[in-house]
Amino acid sequence: VQLQASGGGLVQAGGSLRLSCAVSGGTFRAYTMAWFRRAPGKEREFVAAISWTGDLTDYADSVKGRFDIYRDNAKNTCYLQMYSLKPEDTAVYYCAADLYYKGTSEEYDYWGQGTLVTVSS
């Protein structure tokens, strides 16, 4: 299973950005999907997760109400829509996949390569 994250870039504080994670080599609709991030000098942290049906989601408190995770099973793609971005959202964002719902745990079997999001103040 391969995950390809894209959509990162430079955005001003208060702006929006949408990240995409394209999955190949597996049955996308069977996978729980998640996003994590690693800010400069910090540990990797959970951002959001969505079940394979899309009816269960989890968000980190720091992004709740500002980020939306959703999936398009027809396109084998998971998205992270980010609104009201803050400088502290600056990080490399990684998508992850697993056959089981892992929620906030980092124990996902498959990981993408990461895409950089930079939020300027």
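Which residues have the most contacts inside the largest nonpolar core?

Modeller: Happy to! Please keep in mind that this is a predicted model. The largest nonpolar core has 36 residues, and those with the most contacts inside it are Met-33, Trp-35, Leu-80, Met-82 and Tyr-93.

Let's start with Met-33. Setting aside neighbours within four places in sequence, Met-33 is in contact with residues including Leu-3, Cys-21, Phe-28, Ile-50, Ile-69, Cys-78 and Ala-97. Arg-71 is also among the contacts of Met-33, and the charged end of Arg-71 sits over the ring of Phe-28, 4.4 Å from its centre.

Now for some of the strands. An open sheet is built from four of them in the order S1-S3-S8-S7, with antiparallel pairing. Its edge strands are S1 (2-6) and S7, each of which pairs on one side only. On average, neighbouring strands of this sheet are turned by 15° against each other, direction ignored. Inside the sheet, six bridges join S3 and S8 (residues 77-82) in the antiparallel sense, and Ala-22 stands opposite Thr-77 in S8.

Ser-20 has a relative accessible area of 16%, so it counts as buried, the cut-off being under 20%. Beyond four places in sequence, the residues Ser-20 touches include Gln-4, Ser-6, Trp-35, Thr-77 and Tyr-79.

Next, look at the aromatic rings. Phe-36, Phe-46, Tyr-108 and Trp-111 form one aromatic cluster. Phe-36 is buried, at 0% relative accessibility, and Tyr-108 is buried too, at 5%. The ring centres of Phe-36 and Trp-111 are 5.0 Å apart and their planes stand at 50°, so this pair is tilted. Because Phe-36 lies in strand S4 and Trp-111 in strand S10, the pair ties together parts that are 75 residues apart in sequence. Trp-111 itself is partly exposed, at 26% relative accessibility. Arg-44 lies over the face of Trp-111, 3.9 Å from the ring centre.

One last stop is a loop. Val-63 is found between strand S6 (57-59) and strand S7 (67-72), and Val-63 is buried, with a relative accessible area of 0%. Apart from neighbours within four places in sequence, Val-63 is in contact with Arg-37 and Val-47.

Conventions:
Residues are numbered from 1 along each chain as its sequence is written. This is a predicted model: local features need pLDDT of at least 70, side-chain atom pairs count only at pLDDT 80 or more; totals for chains, interfaces and linings use all residues. Side-chain values use heavy atoms; hydrogens and water are left out. Helices (H or I, at least four residues) and strands (E, at least two) are DSSP runs, numbered from the N terminus. Buried means under 20% relative accessible area, exposed over 50%, partly exposed in between (1.4 Å probe, protein chains only). Contact means heavy atoms within 4.5 Å. Two strands pair if DSSP finds at least two bridges between them. Axes are lines fitted to C-alpha atoms, for helices over the stretch in contact, and angles run from 0 to 180 degrees between N-to-C directions. A nonpolar core is a set of buried Ala, Val, Leu, Ile, Met, Phe, Trp, Tyr and Cys residues joined through side-chain atoms within 4.5 Å. Rings of Phe, Tyr and Trp (its six-membered ring) pair if their centres lie within 6.5 Å; planes under 30 degrees apart count as stacked, over 60 as edge-to-face and the rest as tilted. A charge sits over a ring if NZ of Lys or CZ of Arg is within 6 Å of the ring centre and within 35 degrees of the ring normal.
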